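Dear colleague,

My notes on it follow directly after.

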Amino acid sequence: MLRFKNWLVSHSSDSHPRELVVEVTNKCNYRCIYCFRNLMEEPEGHMDTGLFHKIIGDARESGVEKIVFTGWGEPLLHPDIKEFAEAVKDNGMSLLLNTNGYFLGDHVEWVKELVDELYISLDSSESNLYSVLRKGGDLSRVIEAVERINRYRRETLSRKPEITVQFTLTRLNIDNLESTINLAGQLKATRFIVSNILPLTPGQEKSLACYMDPECREKVSRLSTRLARLSMIHNIIISMPQLGLSTERECPYAARDALYVRWDGKVTPCIYMAHGWRNTFYGITRTIKPVILGDLREEGLMDIWRSQEFTRFKFTLDTMHFPSCPDCPLREYCTFTLTNETDCWGNQPSCASCPYSRDMVRCPL
């Protein structure tokens, strides 16, 4: 229980995590130009198989309904990924797989049987541009794998796995947005989710970020009618991000009662605070320190969920009781905003600068 002004606040007796994001590895075969991993200074590794089964057991006992394979690495790189997927389904939970798609063709046989939601990252419909944005990628290889899954869905009259295409919007690919939606339609995706980049440096924000460029924002605005038409033609839900600082904020993890588990078993609030790195948002470069709520190698999931530390933090997330750093007139002079460690209201850690809470950057949840 905690005190907030005149209120005493505690978790309700039936509170529990509903979704668990499991980073089975933080290794990746791509070097996307705007990826968090480009600034990651921590060791790389795969999740231990015994630890994964312990996590899934904890998740089942805690009432978790959905497991999401995503994170700072490519899930299909883990040598035991099929066994992991089987364990999720054997324990009665739904499974979302978020992948760059490069290795999808090697795993189609079990993916089509076990995965409920399949998220594919496609930032262009043109092979050359795709290769520039997603270094190490092969667009044709990804498309061929998705088409194999769709053949299975047609033959079995199955809706699963439902396919979502994620598109990271930049000044480089804004003119490729419509054609990529057409590609998503051909791949029988049911959703097309657009996210802004979260730039790694001031130079990257200036050169790539659509939200910082009036011409790029105007292009998006002019596209609205055509995107609505494409949505109806392909029977696909197109979700666009905010291109400016909205007044309302909501943490996507808190809204879904979700937690993030790193490959080493440490539990964090979200993908943004899972590892140490830096980013630039509205001209301010921030050092993000990892926020560790507990360690599933040594603790139970519900023990972490009901800990005093997380109860306090979860209440602050649910109410979004944080200052708003990106539009503060003092942001260029304030030292609080340079990290996520604290803010001018005394929150520790702080989500005052989080672009996810403003729906400018999106998570696969």
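The side chain of Arg362 makes a polar contact with the side chain of Ser239, at 3.0 Å; a polar contact is a pair of N or O atoms within 3.5 Å, where within protein one must be able to donate a hydrogen and the other to accept it, and residues adjacent in sequence count only if both atoms are side-chain atoms. This is a predicted model, in which local features need pLDDT of at least 70 and side-chain atom pairs count only at pLDDT 80 or more, while totals for chains, interfaces and linings use all residues. Residues are numbered from 1 along each chain as its sequence is written, and side-chain values use heavy atoms, with hydrogens and water left out.

Arg362 lies in the segment after helix H12 (308-319); helices (H or I, at least four residues) and strands (E, at least two) are DSSP runs, numbered from the N terminus. Arg362 counts as buried because its relative accessibility is 16%, buried meaning under 20% relative accessible area, exposed over 50% and partly exposed in between (1.4 Å probe, protein chains only).

In helix H2 (residues 81-90), the residues Ile81, Phe84, Ala85, Ala87 and Val88 are buried. Seen down the axis of H2, these fall within an arc of 160 degrees, so they line one face of the helix; the arc is that of the directions from the helix axis to the C-beta atoms. They pack against helix H1 (49-62), strand S5 (66-69), strand S6 (94-99) and helix H3 (108-114), contact meaning heavy atoms within 4.5 Å. Just after H2, Gly92 takes a positive phi of about 80 degrees.

With kind regards
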